[in-house]
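Here is a short report on a predicted model. Please look over the sequence and structure before reading on.

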Amino acid sequence: NLRFHATYRAIDKPAKRYDINPLGLVFRHNLVYLVATINDYTDIKQLALHRFQNAELNERVAFVPTGFNLDHYIAQGEFDYLIDNAVENIRLKLKITRFVKQLLSETPLSSAQKITDLEAEFFLLEASVKNTEQLHWWIRSFGTGIEVLEPLHLREKFSAEAKRLNQIYS
């Protein structure tokens, strides 16, 4: 329940010394983030633990901003990184392979997810989800196991990325 002084290096910036007011730790994939406020500001920051260069405890008592709750902060999607700050869900339609179908049957994208047969070894997934960087990273991770059908703007984005990748590897 105490604050600490630390040297922190953000991506592409020189290291700086801060007074850190810790609010909680979040484990996200293989990274650990400290949710905190910095100096005497009240805006919440996410600081990757591996970017701290040193830390020294001080005697200032940590404070929790009025109304802050770590579980609520996470549930609001603060670690999902919304695209264009869009709060509305998108209607996602994906053409998926049998392998992806198996994974999504065990760990659905949303509670209202629907998977139906398409042709041969392919299936149609329909789900209402937030348009987040996390979703985009997830889709990329399956490579040719997923084809974005809708929404059109997302399909166009992945089509443009595929064309750039083709130019790089051709």
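Three residues of H4 are buried: Leu-154, Phe-158 and Glu-161. They sit on the same side of H4, because the arc they cover around the axis is only 60 degrees. In an α-helix, residues three or four places apart point the same way, because each turn takes 3.6 residues.

The other side of H4 looks outward. Leu-152, Lys-163 and Gln-167 are exposed there.

## Length and partners of H4

H4 runs over residues 152–169, 18 residues in total. From first C-alpha to last, H4 reaches 26 Å. That is close to the 26 Å expected at 1.5 Å a residue.

What do the buried residues of H4 pack against? Their partners are strand S6 (89–97), helix H3 (133–141) and strand S9 (146–150).

## The largest nonpolar core

The largest nonpolar core has 19 residues. Ile-20, Leu-34, Val-35, Leu-47 and Phe-52 touch the most other members. At least two core residues come from each of strand S1 (2–8), strand S2 (16–28), strand S3 (31–38), strand S4 (45–48) and helix H1 (70–75). S3 gives the largest share, five residues.

Another core lies apart from the largest one. This other core has 17 residues, including Ile-90, Leu-92, Phe-123 and Leu-125.

Conventions
Residues numbered from 1 in each chain as written. Predicted model: local features only at pLDDT ≥ 70, side-chain atom pairs only at ≥ 80, totals over all residues. Heavy atoms only, no water. Helix = DSSP H or I, 4+ residues; strand = E, 2+ residues; numbered from the N terminus. Expected span 1.5 Å × (residues − 1). Buried < 20%, exposed > 50% of the residue type's maximum accessible area, 1.4 Å probe, protein only. Arc of directions from axis to C-beta. Contact = heavy atoms within 4.5 Å. Core = buried A, V, L, I, M, F, W, Y, C linked by side-chain atoms within 4.5 Å.
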